[in-house]
Amino acid sequence: MAGKVYGLDLGTYEIKVFDKKQDKIWREKDAIAMKNKKYIFAVGNEAYEVFEKAPVDIRVVFPMRNGVIAHFDDMQYLLGSLLGTGRRSVFGAEYVVAVPTDVTEVEKKAFYDLVLHSEAKAKSVRIVEKGLTDAVGFGMDVIGEKGIFVANFGGGTTELSVLSLGGMVMNRLLKIGGENFDNSIADLVRHNREFLIGTLTAEKLRREFGVFDQSTDSAITVSGRDLVTGVPSQTDIPISLVRAAMKEPLEECVKAIRSMIERTPPDVRRAIEKTGICLTGGMANLRGLSTYLRESIGLPVLTVDEPELCVVNGLRKIISDRGYYKRLTYSMLDEDYRWLR
């Protein structure tokens, strides 16, 4: 492929882009700051900087929701801003977009249209299933391996994929991600301590405490608002409270993984029992998560450095390898998608 080629991983809270010409990966927050509900105040990292800190007339919105595009116009503006200025080619660029498997064809077409008709000036757009891309980025032989299980714990969703010999056997997209864990922590702190904390503070508690540390007497002092007095103050949040808040969403994820493994064809399941579960996504960095999954499910759990970059690293390999590119990507201009045009 000559000219400019980009690989896009459009996450709920972060966009990751592989630029083939520069052989570089860059990241930008998937956020837009709106002033008075109609003026664009900032986009990307600059917009996220004012999240939960902005005055009342500035609102930060996230155009992606549960792994799919929730606000098409906002997302198109954001993508055009990030890929347009300074990166636009007069001849147009080629794009390969990783999309969730367990969404409707219409939702997949939305990803295609988003890039094709944005200010990024796309010459062509090809789609690749995110589960396959994840496994390629993990370093797995997706073409030759008989059984691969990928669990991508992201900011807004958890995507579970069973792969075999270059194809998707099963896939499920759970609407559970880091956002749900943080909301659970904030809710339990509010009800248990009558103390209001923001999403970013809840995220800090989650990252600091993890899910499997045996320590039970740790605590972190956080700032928030006392709901009894109504004034800003500080309080200590113990590790036990954070663990209790994360228990329910974790158990739901474990239940979904067990169910998928039980429904996997026997030959594929035997291969997965040998290779284990590939843990990817930003939540894979959560301390103790791999240990918790291993002890809960009874299978080896593998991870890599920077698991949040597995998808975009997979895009790098697919774009650079002609065999992967032809085998794993497709266009929505193909005959199979004529009904969507």
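Modeller: Terms to begin with: two strands pair if DSSP finds at least two bridges between them. Helices (H or I, at least four residues) and strands (E, at least two) are DSSP runs, numbered from the N terminus.

Colleague: And what kind of model is this?

Modeller: This is a predicted model, where local features need pLDDT of at least 70, side-chain atom pairs count only at pLDDT 80 or more, and totals for chains, interfaces and linings use all residues. Residues are numbered from 1 along each chain as its sequence is written, and side-chain values use heavy atoms, with hydrogens and water left out.

Colleague: OK, what is the order of the open sheet of five strands?

Modeller: The order is E13-E12-E11-E17-E18, and the pairing is mixed. Strands E13 (167–174) and E18 (301–302) are at the edges; each has a single partner strand, so one side of each is left without a neighbour in the sheet.

Colleague: How many bridges join E11 to E12?

Modeller: Six, between E11 (residues 148–153) and E12 (residues 158–164), and the two strands run antiparallel. Asn-152 is opposite Glu-159 in E12.

Colleague: Which helix packs on that sheet?

Modeller: Helix H9 (residues 289–297) does, touching E11, E17 (277–280) and E18. Contact means heavy atoms within 4.5 Å. The direction of H9 makes about 150° with that of E17; axes are lines fitted to C-alpha atoms, for helices over the stretch in contact, and angles run from 0 to 180 degrees between N-to-C directions.

Colleague: Switching topic. Which residue in the hairpin of E4 and E5 takes a positive phi?

Modeller: Asn-36, with phi near 55°; the hairpin has three residues between the strands. E4 (residues 32–35) and E5 (residues 39–43) pair in the antiparallel sense over four bridges, and Lys-35 stands opposite Tyr-39 in E5.

Colleague: What about E4 and E6?

Modeller: E4 also pairs with E6 (residues 58–61), in the antiparallel sense over four bridges. The bridge partner of Ala-33 in E6 is Val-60.

Colleague: Now helix H7. Where does H7 bend?

Modeller: At Lys-247, by about 40°, and Pro-249 follows within four residues. The bend at a residue is the angle between axes fitted to the seven residues ending there and the seven starting there.
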